[in-house]
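Welcome, and thanks for taking a look at this one with us. Please have the sequence and the 3D view open side by side as you read the briefing.

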Amino acid sequence: MTAAVEIDHLTVQFGLFTAVKDVSLQIRQGEFFSFLGPSGCGKTTILRTISGFQDPSKGIIRIGGQDMQGIGPNQRPTALIFQNLALFPLMTVAENIGYGLRVRGVPKADRDRKVDELLNLIALSDQGNKKIEELSGGQKQRVAIARALAVEPKVLLLDEPLSALDLKLRQHMRNELRAIQRRVGVTFIYITHDQGEALTMSDRIAVMNRGHIEQVGNGRDVYENPETAFVAAFVGENNGFTGMVTRVADGLATVETALGTFNGVNRKSLAVGAKATLFVRPELMRFDGEGENIIDGHAADAAYEGITTHLTMKAKDSSSVVATIAGATAKAFPESGSSVRFAFTSRDATVLPA
Ligand SMILES: Nc1ncnc2c1ncn2[C@@H]1O[C@H](COP(=O)(O)OP(=O)(O)OP(=O)(O)O)[C@@H](O)[C@H]1O
Ligand SMILES: [Mg+2]
């Protein structure tokens, strides 16, 4: 099947600065695809290039197999939703949704039918006559989506559309967005710097760093099998211990760090002498001291978060090491300052190039 969107060796430069560096990937039809990365890594630039608001310096964008060079934003089968939504405040909900159809000269009866259908899709059936200002943040969000979908784009581009909402609503809207996407089957390309958002909604995620792609995979891949130290540290919480590889055997690497000599899975087949970071997820770090690798330090903090408790230890080089344990079964964490021991098994640790 032809890719919905193909990014082929895309580079975007602003003067001497390279915002996007030789990015290639294919986004499948009907896929919910996210770009995840820190501020300034080039996410919006990629989206603007797909939508036609930004020309590539090098490389090609293909949509449905067609080269988009020279094709303006209005001629592309894409619709873009910005962070601020850009709804028309003086129009009703229905007028906002029908706007794109009106400028395309779609007859009123057809337009009304489509608007009703979309109001239904976003569960605002009886609220078409409301003014935009009478809506909640989440409702406005849904109107922006309906307005974008009205012109039947093949690809919907969303640039951090939930970032203005409060946490509770944001979590609710994640599910809504995903459900809407499933119902309409349109390809969604979603930008976020919130890894929780990316993990819960996406079929696949491209993790970006400084203009290039570090890894593409589903949520599980990028969380459980990070390919680079950047992905390991950026996606989810992680403990990282940096040092030098002193031994390799049986798929494990031994890394000498400031906190001790630890073993972990040698995912990238590093050789002795390589600089490496050994990562251990907080949920795999054990507070009961069981495991081949031991870290001693002093209790710093126990943050109760309902389902889990975050235990923080101050290690001997005064860095923090975190262990997450099930809240209900959490043993009382010793008083701040008293000695504690964390441990992990070698198979639960991942060694990546530093
Ligand atoms: N028109 C422009 N002229 C010059 N530099 C630009 C322009 N647009 C973006 N940049 C630079 O390119 C880099 C990438 O910007 P971009 O907006 O793509 O980042 P982003 O990943 O979307 O970040 P954020 O999460 O903060 O929105 C930034 O360093 C930015 O300053
Ligand atoms: Mg941006």
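Predicted model: local features only at pLDDT ≥ 70, side-chain atom pairs only at ≥ 80, totals over all residues.

**Strands 14 and 19**

- Strand 14 covers residues 275-280, and its pairing with strand 19 is antiparallel, with five bridges.
- Strand 19 spans residues 349-353, and four of its five residues are buried, so the rest of the structure largely encloses this strand.

- Four strands form an open sheet in the order 17-16-15-18, and their pairing is antiparallel.
- At the edges are strand 17 (320-326) and strand 18 (339-344), each of which pairs on one side only.
- On average, neighbouring strands in this sheet are turned by 50° against each other, with direction ignored.
- Strand 15 (residues 293-304) runs antiparallel to strand 18, and six bridges join the two.

**The largest nonpolar core**

- The largest nonpolar core has 92 residues, and the members that touch the most others are I97, A146, L156, L157, I189 and V207.
- Helix 4 (residues 137-150) gives this core its largest share, namely seven residues.
- Both domain 1 (5-229) and domain 2 (237-353) contribute to the core, with at least three residues from each.
- Nonpolar side chains tend to be buried together in soluble globular proteins.
- Which residues does A146 contact, leaving aside its neighbours within four places in sequence? The partners are I97, L118, L119, L121 and I122.

**A94 and its surroundings**

- A94 lies in helix 2, which runs over residues 93-103.
- Is A94 buried or exposed? A94 counts as buried because 21 C-beta neighbours lie inside 10 Å, and the cut-off for buried is 20 or more.
- Beyond its neighbours within four places in sequence, A94 is in contact with V115, G128 and N129.
- For a sense of scale, A94 and I295 are 201 residues apart in sequence, and their C-alpha atoms are 61 Å apart in space.

Key. Residues numbered from 1 in each chain as written. Chains lettered and ligands numbered in written order. Buried ≥ 20, exposed ≤ 12 C-beta atoms within 10 Å, placed from the backbone. Contact = placed C-beta atoms within 7 Å. Pairing = 2+ DSSP bridges. Core = buried A, V, L, I, M, F, W, Y, C linked by C-beta atoms within 7 Å. Domains from an automatic or database assignment. Axes fitted to C-alpha atoms, helices over the stretch in contact; angles between N-to-C directions.
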